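This briefing sets out the main features of one protein model for a reader who is new to structural description. Please keep the sequence and the structure in view while reading.

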Amino acid sequence: MNSKGNTVQAFWIALGSLFSFGFAIVSSMILSRYLPKEDYGTYKQVLYVYSTLLTVFTLGLPKAFSFFLPRVEIDQSKDLIKKITNIFFILGGFFSVFLFLFAPQIALLLKNPDLTLALRIFSPVPFLMLPTMGLEGILATFRKTKFLALYDVITRLIMLFCVVVPVVLFDGGYIEAIVGFVIASFVSFLLALYFKYHPVKKYGNEKCNISYKEIFKFSIPLLYASLWGIIISSADQFFISRYFGSKVFAEFSNGAMELPFVGMIVGASSSVLSPIFSRMSHEKLDPQKEIFPIWKSVFEKSALLIYPLVIYSWFFADVLMVVLYGQKYEESSVYFKIKVIINFFNIIIYAPLLINIGKVKYYANVHIAVALSLVILEYVSIKTFNSPYMIIVISLLCQIGKTYALLWMVAKYFNLKTYQLFPVKIITQITIPSIFILSILYFLFVKYLEWNSLTVLFASFALYTSLYFLISLWLKLDYLSIIKPLLKKN
C-alpha cells in the first residue's frame, strides 16, 4: 500500500477534523462568554449525556464499514452500506425515544433539574445523527476522504451558525443553542446519506453475502469494549457533575480535554489504516515484515507532529485557557495540565490493528479491568480527598495503564518487546529541546513581561516554532516525509 497515498488520505480526514475541532472550540469560546456558568454547564451536560449513550446505541457498528468493505466484491458494497445504515436508523429511533422518556431520571442522576427539558428538546438528534455514523470508514476504504473533509467543513459551519447565532444575536440561552443543534443535525443527516453512497453509485447493486448475523458477530464484542470504554471516558465527568455541581463541571469541561489536534491526527491515521489492516490480515501477510513498518511509520510521524504541540500546550496552559474562555476560566488550566499528559501516550494507534487481527476479546477485557479500577478509585477519592483534581489524576493513571496493556498485545503480535515499539531516539530529540526552550519562554513571557494573554500566546508560539524548526533541521528530524506527499498529486 502506497504510504504517500496514505498520508494524503489521512490529511483530508485531519482537515475535516480540524473543522470539527474548530466548531467545538469556537462554540465553547463564544458560549462560555455569553452564558452564565450554570447554563453553560447544563449545555455541556447535554452533550456529555449524548456522547456517553452514543456508544451504547451504536453497538460498535461504525467500525463494521472499514472491516467488511475491503472484504466484499465492489458490486456488493452498496448493499452492505444499506444494511448497516438501516440498522442505524432503528438504533437512532430507540435512542431518541430513550432520551425523551428518561430525561427526568437522567436529570435526577446528575442532580440538575434543568436537564429534563434540555434533553427532551435535544432528543431528535440521535435519530438524525446515528445514520451518519461510519461515513469516515466508507470514504477511507474507497480512498475518497476529500469528500469527508468537504462534509465536515459544510456541516460544522452550519452547526456553528445554528448554535451560536441565537445566543449572540438574539440573547438566547442554552435552550436556543440546543434547538440550533437539532436543526444543524438535520442538515448533517441529509448530506451524510448522499456522501455514504457517492463512492459506489457507479457500481452494481448485488446482494451482499455478509449477513446481519456476521455483522453483529463482529460488532457485539466491540460493543462490550466500547461500553467499558465509555465508562473510562465519562466516569470523571459523572463524578464531577454529580458531586461538585454544574459550575465546577463548566470549569472542568473546558479544561479537562485532550488536545483536539491529537484526535484529528490519530483519528485520521486510524481511519486510513483500519481498512488496510483488515485487508492485510485477511490476506495473512507476515506481521513483522509487512504490517509493522506501516504501523511504526505512522507512530513516528504522529510523534513528530504531536509532541512539540503537546509540550507547548502544557507549559502555556493557563494562558491558553484565558485566551479561549476568558479570565473566569483560568482555573480550567489545572484540569488541562493533568489531562494533556495522556496525549503523550494516546498517539499510539493500537485499536484498528487489534480489532482487525481478531484480538477484540483481549481489547474488551483490558477495557473492563481499567473501567472497574477507575470507578472504584474515583469513588474512593471522593470519599477521602473530595477534590475534582484528584479524579483527573486517577483518570490519567488508568489511561496510561490501559495503553501499556494494549501495547503489550501489539508487541506480542509483532514478536517484539514492548519497548521496541517506541521510537526512543525521535521522542528524545523532540522532548528535550522543547522543554528547554519552553522553560525559558514561559519565564520570559509570563513571569517577566506583563503582556496581555493573547499577545503572550502568539509571541511565545511564534518564537517557539522558529527555534524548534532550526533545531529540527540540525537534528535532521524528517518532517519532509510528512509534507512531500501533500505537495504532489495523489
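Lys 476 lies in the loop between H19 and helix H20 (480-487). In this predicted model, the phi angle of Lys 476 is near 60°, a positive value in a residue other than glycine. Most residues other than glycine have a negative phi. Lys 476 is exposed, with a relative accessible area of 73%.

**Backbone angles elsewhere**

- Lys 111 also has a positive phi, near 55°, and is a residue other than glycine.
- The position of Lys 111 is in the loop between helix H4 (77-109) and helix H5 (115-122).
- Lys 111 counts as exposed because its relative accessibility is 54%, and the cut-off for exposed is over 50%.

**The chain as a whole**

- The protein chain contains 20 helices and zero strands.
- Of its 490 residues, 55% count as buried.
- Among contacts between residues at least 6 apart in sequence, 84% join residues at least 24 apart.
- The chain exposes about 21,900 Å², and carbon and sulfur atoms supply 67% of this area.

**Nonpolar cores**

- The largest nonpolar core has 135 residues, of which Leu 80, Ile 240, Trp 295 and Phe 316 touch the most other members.
- Helix H12 (residues 287-315) gives this core its largest share, namely twelve residues.
- Another core, of six residues, lies apart from the largest one; Leu 135, Leu 139, Leu 148 and Ala 192 are among its members.
- When residues up to four places away in sequence are not counted, Phe 316 touches Leu 438, Leu 441, Tyr 442, Val 446, Val 456 and Ser 460.

**An enclosed helix**

- Helix H13 (residues 317-325) is largely enclosed by the rest of the structure, because nine of its nine residues are buried.

**The salt bridge**

- How many salt bridges does the count come to? The count comes to one salt bridge.
- Lys 339 forms a salt bridge with Asp 236, and the closest N and O atoms are 3.5 Å apart.
- This pair links distant parts of the chain, since Lys 339 is in helix H14 (residues 332-339) and Asp 236 is in helix H10 (residues 212-255), 103 residues apart.
- Are the two partners buried or exposed? Lys 339 counts as buried because its relative accessibility is 13%, and Asp 236 counts as buried at 1%; the cut-off for buried is under 20%.

**Buried positions and their contacts**

- Val 340 is in the loop between H14 and helix H15 (351-356).
- With a relative accessibility of 0%, Val 340 counts as buried.
- The C-alpha atoms of Val 340 and Met 257 are separated by 7.0 Å, although these residues are 83 residues apart along the chain.
- Leaving aside neighbours within four places in sequence, Val 340 is in contact with Leu 259, Val 310 and Trp 314.
- Thr 403 is found in helix H17 (residues 388-413).
- Thr 403 is buried, with a relative accessible area of 3%.
- Apart from its neighbours within four places in sequence, Thr 403 is in contact with Phe 345, Ile 348 and Tyr 350.

**A nonpolar surface patch**

- Which residues make the nonpolar surface patch of about 460 Å²? The patch is made by Leu 463, Leu 467, Phe 469, Leu 470 and Leu 473.
- Phe 469 lies in helix H19 (residues 453-475).
- Phe 469 counts as partly exposed because its relative accessibility is 47%, a value between the cut-offs of 20% and 50%.

**Cysteines**

- A disulfide is a covalent bond between the sulfur atoms of two cysteines.
- A search of the whole structure finds zero disulfides.
- Cys 162 counts as buried, at 15% relative accessibility.
- Cys 398 is also buried, with a relative accessible area of 10%.

Technical notes:
Residues are numbered from 1 along each chain as its sequence is written. This is a predicted model: local features need pLDDT of at least 70, side-chain atom pairs count only at pLDDT 80 or more; totals for chains, interfaces and linings use all residues. Side-chain values use heavy atoms; hydrogens and water are left out. A nonpolar core is a set of buried Ala, Val, Leu, Ile, Met, Phe, Trp, Tyr and Cys residues joined through side-chain atoms within 4.5 Å. Buried means under 20% relative accessible area, exposed over 50%, partly exposed in between (1.4 Å probe, protein chains only). Helices (H or I, at least four residues) and strands (E, at least two) are DSSP runs, numbered from the N terminus. Contact means heavy atoms within 4.5 Å. Patches are made of residues with over 30% relative accessible area and no salt bridge: like charges are joined within 9 Å, nonpolar side chains (Val, Leu, Ile, Met, Phe, Trp, Tyr) within 5 Å. Accessible areas come from the Shrake-Rupley method with a 1.4 Å probe; for residues, only the protein chains shown count as cover. A salt bridge is a side-chain nitrogen of Lys or Arg within 4 Å of a carboxyl oxygen of Asp or Glu. A disulfide is a pair of cysteine sulfur atoms within 2.5 Å.
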